[in-house]
Structure formats: C-alpha cells, structure tokens
Amino acid sequence: MGLCAPRNITITISVIKDSLNGHTHQLTKARTSIGRTGGGADIEIDDPQVSALHCAVGVAQDMIRLCDLDSANGTYVDGERVQAADLEHLSEFCLGSTWLVVTIVPKHLNVNENSI
C-alpha cells in the first residue's frame, strides 16, 4: 500500500506535555519526519532525548502509521516501545520526555445551502 497525502481528513500532531505544549503541526505530506531541533526533521522538538530524525508518520489511504527511525531512546505508544504502530484519533505517543497526540478529523464536504 503506497503512501499518499491526506485528502479527506485533517491530521494534526500536537505537543501535549513539554515546553512546546500546545504546539501543533498539520500533516500535508504522505510522510512527515519528527526529530530534535536542528536535525532537519519536518517537525522539530526541543528535547535532548529526541534523536535528530527520531520517527516518521506515514499516511496511506485508510491508515496512519508511526515508525521509529532507529532512535536512541525509542518511540512509545501506550507505554510500550514500538518500531511501528498504527495511530487512531487521539492516539498519544512519546519521544524522549515529549508527549504528542494525533487528531484525525474528516474534512467537511462543501454543500450548497440553496439546494433542497
């Protein structure tokens, strides 16, 4: 199954526990990397326990997958270290001491209000 940019859904990753609490990033690409500030990742986190390129989030037609990129300290979902895990709406994951949450919301279709 090939990766594709999100089309019918809006996917947002938000920091929920860290100095960047409340920082959000909307996914617009098929693959988004997450890593330490200055490491060249798409989403940069100011946390010394996060690797330069720590993990990536890939979007396929019907799923969102989190993959660890051989990080030094690991990627955790539901308290368990994972190499890869599927993410659902409100899934939380941890990189170093930083907690993030993913929100997945269907995009509203444009409806002509004048039609009956």
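Tutor: A residue is buried under 20% relative accessible area, exposed over 50%, and partly exposed in between (1.4 Å probe, protein chains only). This is a predicted model, so local features need pLDDT of at least 70 and side-chain atom pairs count only at pLDDT 80 or more, while totals for chains, interfaces and linings use all residues. Residues are numbered from 1 along each chain as its sequence is written, and side-chain values use heavy atoms, with hydrogens and water left out.

Student: How many salt bridges are there?

Tutor: Here a salt bridge is a side-chain nitrogen of Lys or Arg within 4 Å of a carboxyl oxygen of Asp or Glu. By this rule, the count is two.

Student: Which parts of the chain does the pair of aspartate 42 and lysine 29 tie together?

Tutor: Happy to trace that one! The side chains of aspartate 42 and lysine 29 form a salt bridge, 2.9 Å from N to O. Strands are DSSP runs (E, at least two residues), numbered from the N terminus. The pair ties together parts 13 residues apart in sequence, because aspartate 42 is in the loop between β3 (31–36) and β4 (43–45), and lysine 29 is in the loop between β2 (24–27) and β3.

Student: Is lysine 29 buried or exposed, or in between?

Tutor: Its relative accessibility is 38%. Lysine 29 therefore counts as partly exposed.

Student: Which strand holds the salt-bridge partner of arginine 65?

Tutor: Arginine 65 and aspartate 86 meet through their side chains in a salt bridge at 2.6 Å, N to O. The two are 21 residues apart, with arginine 65 in strand β6 (residues 63–68) and aspartate 86 in strand β9 (residues 84–87). So the strand you want is β9.

Student: How far from cysteine 67 is the nearest cysteine sulfur?

Tutor: A disulfide is a pair of cysteine sulfur atoms within 2.5 Å, and a search of the whole structure finds zero. Cysteine 67 is in no disulfide, and the nearest cysteine sulfur belongs to cysteine 55, at 8.9 Å.

Student: Which residues touch the most other members of the largest nonpolar core?

Tutor: A nonpolar core is a set of buried Ala, Val, Leu, Ile, Met, Phe, Trp, Tyr and Cys residues joined through side-chain atoms within 4.5 Å. The largest has 22 residues, and those touching the most other members are Ile13, Ile34, Phe93 and Leu95.

Student: Which tryptophan does phenylalanine 93 touch?

Tutor: Contact means heavy atoms within 4.5 Å. Leaving out residues up to four places away in sequence, the partners of phenylalanine 93 include Ile13, Ile34, Leu66, Tyr76 and Trp99.

Conventions:
Helices (H or I, at least four residues) and strands (E, at least two) are DSSP runs, numbered from the N terminus.
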